[in-house]
Amino acid sequence: MAEASLSSLQEQFTVPSDQDPMRREIGHYDPDAIMSYYRQRPFQVLGRLWDILVPFLWFGVLLWWDKVTGSAQNKKRRRAVQLRDTITKLGPTYIKVGQALSTRPDLVPTIYMEELARLQDQLPPFDNAIAYQFIEEELGDRPEAIYAELSPKPVAAASLGQVYKGKLKTGETVAVKVQRPDLLRCITLDVYIMRSLALWAQANIKRIRSDLIGIADEFAGRIFEEMDYSQEGRNAEEFARLYGYLPEIYIPSIYWDYTGRRVLTMEWIEGTKLTNIPAIQEKNIDATYLVEVGVACSLRQLLEHGFFHADPHPGNLLATPDGKLAYLDFGMMSRIKPYQRYGLIEAIVHLVNRDFEALAHDYVKLDFLTPDTDLEPIIPALSQVFGNALGASVAELNFKSITDQMSEMMYEFPFQVPAYYALIIRSLVTLEGIAIGIEPDFKVLSKAYPYVAKRLLTDPSPELRNSLKGLLFKDGGFRWNRLENLLRNARNSADYDFEQVLSQTLDFLFSDRGTFIRDRLADEIIQAVDTYSRRTFFNMSSLMRQQVGLKAMEMPGDLQEDDGQNNVEHLKNIIEILRETQGFDPMAILPLIPELLAKHEMQEMGQQIANGLVQRVAARLIRQFLLEDAPMKTVTVEPIRRRSLPAA
């Protein structure tokens, strides 16, 4: 597009995207058109670089001088204001960065964080006359003819637009968001510079293996989509459809008759910023609980439907008077594919359970590593990164510490960060920053695991069923402790439905896909019954020998290992966990027993157990009476299997 002009970019931006779902997903972002346009305008690019570099270099000099003169502490507030003003003048792209930093008390000093927080909705407004002109152009009439009331000044001003409080002629109180002028020029120039730097870095810095261009395009595509308020309205309605059923979540309605590309009219929400703790406490609302609600909702966004809010800063989250969490801004949304969602669930499970070999394979599934990567040296590196010296639970790590430690390791091995992951990191790190500001010891991973455990137990997808199988079985043995951990965590999930878990578990267990698990459970039952009965017989024999004055025999070595007794203890623990689970009713299970006994698979499993026990007894008799000179050791005989192969 050698002869492209800014007006042609503007025309391209206004092309409707509803007809093509893929175009609607990526908005109207055309990196080739932007690169072609600004390559022919080097002076504009150099001028913008000057505008960016000079203020930050000067700011760095001032910080250095404050340190040299010993006045750094006294001038901290002044420097924080200067940084906010600098970011504000640089425009929407840098304001987004400032908003993200404003939620990180672990990265930014408190005074700086307070000033950067004003970037969320306290930016300088633009002229009312321009806003009214946009309303008239988009909606076809003067504002006073459309709205019964409209506040004389904006009640909030953010990076891409400003908001007025208004009232429709039908009586509804609304928020009217109007876009800032000249947005396209500002953002396309910043995108060009950002993309050019990514191209240069990827070509010249060998240590960088991540797809920087893809990450830049992902971020830019979301900003371009955010500039279309009609798309934001569609995002809000899809968000409400997917997550509006959650009782603690509130999503405002969109008024389409009063919405266009540069004007959005939505339901007005009364509420308090999530970070305004004193105001929330005055209304007897638990801010920490609302953060947990936000984390739970984010998990559903990322792991259930894959349509997630990529910009959850405090200006977009309100505590309503009735104690709900309201989402306000739906401009920056993103999607992740099903295989990525399942991969994230598996990675969390393997991380919490310290299964670093499986975690290394998860990174291949999630496109961080290529399929031909040698994982052997990576597995101990993962163990070193996440198995901290104090032996604390992995769930006690916060998300920021995990990403920081992973960043260090990624330089040593051929990791590459896929483009889709950048916005996930931004979303989760921002949300965790809000949580840490409210509760310093908040751990997102610890709060997330009950939901993940619930998904692993209840999701019927083949991917997660295979993951559950891999988690519970290793080297032919059943890992009871991991089942206990899953059940213990899942019961803490807000929407954990025990009847659903029981129903889906039984359906899966007695399906073709459950053959592998039935066979392994049969082995465990055979082992437990055999060991328990032999120990009982040995104890009774020893007692009788003592009563008649005979010397007690030494317990065989295989019985001293006590695996069967351990299994019995695990079963007791599981029963206790189930008893403490909300919705568990033993009486509801009793009617299922006749149905289970009548199942063909159950009868085959019973026969398999009986045959296995008979074979063990026969093998023991043969060894005792026919092979008396043979050393005493355990003889393992495979139980009779069905001829069908277990499903994958």
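Tyr38 is buried, with a relative accessible area of 1%, where buried means under 20%, exposed over 50% and partly exposed in between (1.4 Å probe, protein chains only). The model is predicted, so local features need pLDDT of at least 70 and side-chain atom pairs count only at pLDDT 80 or more, while totals for chains, interfaces and linings use all residues. Residues are numbered from 1 along each chain as its sequence is written, and side-chain values use heavy atoms, with hydrogens and water left out.

Rings of Phe, Tyr and Trp (its six-membered ring) pair if their centres lie within 6.5 Å; planes under 30 degrees apart count as stacked, over 60 as edge-to-face and the rest as tilted. By this rule there are 11 aromatic pairs. The rings of Tyr38 and Tyr192 have centres 5.8 Å apart and planes at 40 degrees, so this pair is tilted. Because Tyr38 lies in helix α3 (residues 31-39) and Tyr192 in helix α10 (residues 183-204), the pair ties together parts 154 residues apart in sequence; helices here are DSSP runs (H or I, at least four residues), numbered from the N terminus. Tyr192 also counts as buried, at 11% relative accessibility.

Trp64 and Trp65 form a tilted pair too, with 6.1 Å from centre to centre and 50 degrees between the planes. Here Trp64 is exposed at 53% relative accessibility, and Trp65 is partly exposed at 47%. Elsewhere, Phe239, Tyr243, Tyr327 and Phe330 make up one aromatic cluster.

Charges also meet rings: a charge sits over a ring if NZ of Lys or CZ of Arg is within 6 Å of the ring centre and within 35 degrees of the ring normal. The charged end of Arg41 is placed over the ring of Tyr37, 3.8 Å from its centre, and Arg262 lies over the face of Phe134, 4.2 Å from the ring centre.

Technical notes. Helices (H or I, at least four residues) and strands (E, at least two) are DSSP runs, numbered from the N terminus.
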